Amino acid sequence: MKKQLLLFAFSALALTSCEDDDIQGYELDMMKGDWKISKREVVSGKDDKTVFNTTVPVGCEAKNNTYFSTDYSTSYTAYTGTGADCQVAAVSEGTYEYSTETKDLIIKYKNDSPRKYRIVVLTSSEMRIKQMYDNIDQNGDLIPDAEYVTYKR
């Protein structure tokens, strides 16, 4: 009987020792590094599926990148120029918060207000986020539509 009780206690301890910290660390590790926008999509707020508009960055804009660190710091680097002559136009630095439970990502650059997103896809090579602020109706159905941004490494 004691052996069964001891086995039960160790089993319960093993099952409860997998904390959210492990998940948080794993997902932060997947987020860390440089990300470039591969496309932006405006999606219907009514069904969250119908795509109204897709844009793909071209030229120097394709070099823009967002960097995430595991210490909750972030930066955004924007490029301008023509052809192959691209120069850094601006660098914004700040911090971010991330919740593994809700998948909410809040980015706060210096001298800017916090901006909330929801991560809908996160792998080591792709991240897709949904903008959760300032969404407007773009197709006239009186329901705010959402912008999704897909990043690639």
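## Talking through the model

Read from the N terminus, the elements of the chain run α-α-β-β-β-β-β-β-β-β-β. The model is predicted: local features need pLDDT of at least 70, side-chain atom pairs count only at pLDDT 80 or more, and totals for chains, interfaces and linings use all residues. Residues are numbered from 1 along each chain as its sequence is written, and side-chain values use heavy atoms, with hydrogens and water left out.

Biologist: How many helices and strands does the chain have?

Modeller: Both kinds are DSSP runs numbered from the N terminus, with helices (H or I) needing at least four residues and strands (E) at least two. The tally is two helices and nine strands.

Biologist: What share of the residues count as buried?

Modeller: Buried means under 20% relative accessible area, exposed means over 50%, and partly exposed is in between, with a 1.4 Å probe and protein chains only. The chain has 153 residues, and the buried share is 30%.

Biologist: Let's go to strand β9. How many of its residues are buried?

Modeller: β9 covers residues 146-152. This strand is mostly covered, and of its seven residues the number buried is five.

Biologist: Over how many bridges do β1 and β9 pair?

Modeller: Two strands pair if DSSP finds at least two bridges between them. Val43 stands opposite Ala146 in β9, and Ile37 has Tyr151 of β9 as its bridge partner. β1 and β9 are antiparallel, and their bridges number seven.

Biologist: And β8 with β9, over how many bridges do they pair?

Modeller: Here Glu126 stands opposite Lys152 in β9. The pairing is again in the antiparallel sense, and the bridge count for β8 and β9 is five.

Biologist: Where β1 pairs with β3, which residue in β3 is the bridge partner of Gly33?

Modeller: β1 and β3 are antiparallel, with three bridges. β1 also joins β2 in antiparallel fashion through four bridges, and there Arg40 has Thr55 as its partner. Back in β3, the partner of Gly33 is Phe68.

Biologist: Why is Thr66 classed as buried?

Modeller: Thr66 sits in strand β3, residues 65-68. Contact means heavy atoms within 4.5 Å. Setting aside neighbours within four places in sequence, Thr66 touches Gly33, Asp34, Trp35, Thr74, Ser75, Tyr76, Tyr109 and Tyr151. Thr66 counts as buried because its relative accessibility is 5%.

Biologist: How much space lies in the largest pocket?

Modeller: On a 1 Å grid over the protein atoms alone, a pocket is an open set of points where a 1.4 Å probe fits, with protein on both sides within 12 Å along at least five of seven lines; lining residues have an atom within 4 Å of a point. Grid points are joined across faces, edges and corners, and the volume is the space filled by probe spheres set on them. For the largest pocket that comes to about 310 Å³.

Biologist: Of the residues lining the largest pocket, which are the closest to its centre?

Modeller: β1 (33-43), β6 (104-109), β7 (115-122), β8 (126-131) and β9 (146-152) each supply at least two lining residues. The lining has 15 residues, and the closest to the centre are Arg40, Tyr76, Tyr109, Tyr117 and Tyr151.

Biologist: Now the loops. How far apart in space are Lys63 and Cys86?

Modeller: Lys63 lies in the loop between β2 (51-55) and β3, and at 36% relative accessibility Lys63 is partly exposed. Beyond its neighbours within four places in sequence, Lys63 contacts Lys36, Tyr79 and Cys86. Lys63 and Cys86 are 23 residues apart in sequence, and their C-alpha to C-alpha distance is 8.3 Å.

Biologist: What is the phi of Tyr72?

Modeller: Most residues other than glycine have a negative phi. Tyr72 lies in the loop between β3 and β4 (73-82), and at 31% relative accessibility Tyr72 is partly exposed. Tyr72 is not a glycine, yet its phi is positive, at about 70°.
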